[in-house]
Amino acid sequence: MTSKSSMIAEMIPTGEATAILPTGKTSPITVIGTESIRGTFDDLCLQQALNSRLAPGVTELVLNPDAHCGYGAPVGCVMVSPTHIYPGPVGVDIKCSMSLLQLDLPSDAVDDRRTRRALIDAICERTPTGAGKGQRNVSKARKVAVDVGERVVTEGASERVCQDLGIPPHWASRCEDAFHGGFRESSDGLRDRLGRLRGQRQLRQFENKISQLGSYGGGNHFGECEVVEIGDDDRARSVAETFGLVDGQVAFLSHCGSRGLGHQLASGQFSSLQAKFHQWGIPLPGGDRQLVYAPLGSPEANAYLDDMALAANFATVNHLLINALVLEAFQEVIPGTQGQLVYFISHNIARQEVVGNVKSWVHRKGATRAMPGGHHALQGTPFEQTGHPILLPGNPRDGSAVMVADAGAEKSCFSVNHGAGRVLGRKRAQRELDQTAIDREFDEHDILSNCRRYPRDEAPAAYKDFDEVLKSVKQAGLASEVARLKARFVIKDASKADD
């Protein structure tokens, strides 16, 4: 393995916040990040980036400012291939995503700490947190029957599914993708795949996995009550109006994915492909078992695309149901509250897009789509003229951001980072960070939490400097800030991460 200092030294700056990393064999890796941010990339992250760029069929690789070591490919990267599909650069939490609900409440509606405590309790009565937790673990969950669950994973946020679960059907138009259809792009094909998986007992405890709809999970997943602060410029105000953001009002930001269903489907795919590589004697990219792949059109690729779609549909409906339950909780505590979904956007998914006039599979692992106004993929959407909302979580102390893509996003395959990105691994954060200091910081910023003690491995200090990350995005010309979201309370879980 090449040393970190050597690889960083090999990066060639191309702008204030851009660089390239030569590979010696192919076109270079595109790096987004200021000099300070580039210094946060460790040995394994950079080696994973090189392994991924040199893997069969890969034509482009982008390393974002939040990049850190991941499963085969770095978290915070974009990997493009017109010929192959890679499970690693999607990961085990298929379609982990962000969503934002704008409420019609002024910020002072959540000033009172007792009101915030009541909201935390009302939300936690409806949306469980923690690995393995589901509807049975909370008193006011919206129970999902197995037949409805089957429709969820094969239809996504269809009108019928939304009506079954009490989700406003028009929220589907505010989703990056309301439906994933697998390699045949059809619900019928997904129903066939689901039937085979269940019949062969490859999808165990399906009923239990469906019972996790409407839940957050553990690790870095969260729900967060925010106050919206729109940027003080004409473009920010105009774009915010299109997005449906209201300055000085309360919003709710959610981060979660496909829960146990996605993990089981992804793990099954990794095991199956790794066994195929062993059987066929195919060399692994960089010798890494987590970088297995399948040529498009092969039975193995088709099976992965179907399983990814099943999990992705679950993740979509999981977010929409959480938002419906959060709105219900606010209405219980503050009667008359109304809310509208701003957007739902994923950061662990492979999507078919046109890159450099070539139809390719764009794998975004801890990376978020960033398409500006006028992009052909936004035609017919509410964001055709402005570009779609980009939801970037930072940390409760420093806030999160809503951004909109600029024309320069083309250099990063129309992608940006998915958040701040870890600077301390979980075990190191547990060893080094002081619990008393973390809790004191939350008290000083008047941020409440459902946790008795906020998880050390999720503390703000475990993540990169969010302002420096955003500076990288702006200086690289990828996106502009529309609004900051300032946390008032956080729903978290201290269980083992399932991301």
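**Entry: the whole protein**

I started by reminding myself that this is a predicted model. I counted up the secondary structure and found 14 helices and 19 strands. Next I looked up the radius of gyration, which is 21 Å; the globule rule gives 23 Å for 499 residues, so the protein is as compact as a globular protein of that length. I also noted the span of the C-alpha trace along its principal axes, about 60 × 55 × 50 Å.

How much of the protein counts as buried? I found that 60% of the 499 residues do. The protein exposes about 18,200 Å², and carbon and sulfur atoms supply 48% of that area. For charges, I noted 55 positive and 60 negative side chains, with the centres of the two sets 6 Å apart.

**Entry: contacts along the chain**

I took the contacts between residues at least 6 apart in sequence, and 75% of them join residues at least 24 apart.

**Entry: a visit to R456**

I found R456 in the loop between β18 (448–449) and α14 (466–475).

Beyond the neighbours within four places in sequence, R456 is in contact with several residues, including A429, L433, D434 and A462. Q430 is another of these contacts. R456 and Q430 are 26 residues apart in sequence, yet their C-alpha atoms are 5.5 Å apart in space. I also saw that the side chain of R456 reaches the backbone oxygen of Q430 at 2.9 Å.

How values were computed. Residues numbered from 1 in each chain as written. Predicted model: local features only at pLDDT ≥ 70, side-chain atom pairs only at ≥ 80, totals over all residues. Heavy atoms only, no water. Helix = DSSP H or I, 4+ residues; strand = E, 2+ residues; numbered from the N terminus. Rg over C-alpha atoms; globule rule 2.2 N^0.38 Å. Buried < 20%, exposed > 50% of the residue type's maximum accessible area, 1.4 Å probe, protein only. Contact = heavy atoms within 4.5 Å. Areas by Shrake-Rupley, 256 points an atom, 1.4 Å probe, with all protein chains shown as cover. Lys, Arg positive; Asp, Glu negative; His and termini not counted. Charge placed at Lys NZ, Arg CZ, Asp CG, Glu CD. Polar contact = N/O pair within 3.5 Å; in protein donor to acceptor, adjacent residues only side chain to side chain.
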